[in-house]
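Please have the viewer open as you read.

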Amino acid sequence: MAIIDHFDRGWGINPEGIAYSQDDQQFSFQEVGERSCRIANKLLSLNFPKETKGAVWSGNDVGSWICTL
């Protein structure tokens with residue numbers, strides 16, 4: 001099972017549940033899912049082919065996980 005499958009399962013069970021926390025911030029499955037979809041849609045609008053691999057340059061940050069999803 002891929003990481004996205006685990007995430008989607010959590011989102012489906014409890015969208016308002018905490019998916020990630022960092023320092024004093026908490027991010028719900030709903031919030032992370034919406035951000036991830038915005039990133040994906042932007043890449044598609046730039047004609048970034050679905051099969052193309054990309055990289056995320058980030059420290060140990062929630063943002064890197066959102067990009068990965």
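1. Phe48 is partly exposed at a relative accessible area of 33%, where buried means under 20%, exposed over 50% and partly exposed in between (1.4 Å probe, protein chains only). Phe48 sits in the loop between H2 and H3; helices (H or I, at least four residues) and strands (E, at least two) are DSSP runs, numbered from the N terminus. Together with Ile39 and Leu43, Phe48 makes a nonpolar surface patch of about 210 Å².

2. A word on the basis. This is a predicted model, in which local features need pLDDT of at least 70 and side-chain atom pairs count only at pLDDT 80 or more, while totals for chains, interfaces and linings use all residues. Residues are numbered from 1 along each chain as its sequence is written, and side-chain values use heavy atoms, with hydrogens and water left out.

3. Now the overall layout. The chain has three helices and two strands, running α-β-β-α-α from the N terminus. Its C-alpha atoms fill a box of roughly 35 × 25 × 20 Å along the principal axes. Of the 69 residues, 22% count as buried.

4. What makes up the largest nonpolar core? Its eight residues are Phe7, Tyr20, Phe27, Phe29, Val32, Val62, Ile66 and Leu69. Helix H2 (29–45) and helix H3 (62–68) are the elements that give two or more residues to this core. A core here is a set of buried Ala, Val, Leu, Ile, Met, Phe, Trp, Tyr and Cys residues joined through side-chain atoms within 4.5 Å.

5. Tyr20 is worth a click. Beyond its neighbours within four places in sequence, Tyr20 is in contact (heavy atoms within 4.5 Å) with residues including Phe7, Phe27, Val32, Val62 and Leu69. Gln25, Gln26 and Trp65 are also among the contacts of Tyr20.

6. On to the cysteines. The structure holds zero disulfides (pairs of cysteine sulfur atoms within 2.5 Å). For Cys37, the nearest cysteine sulfur is that of Cys67, 13 Å away. Cys37 is partly exposed at 40% relative accessibility, and Cys67 is partly exposed at 35%.

7. Lastly, Glu34 lies in helix H2 and is partly exposed at 39% relative accessibility.

Methods
Patch = residues over 30% accessible without salt bridge, like charges linked within 9 Å, V, L, I, M, F, W, Y side chains within 5 Å. Areas by Shrake-Rupley, 256 points an atom, 1.4 Å probe, with all protein chains shown as cover. Salt bridge = Lys/Arg side-chain N within 4 Å of Asp/Glu carboxyl O.
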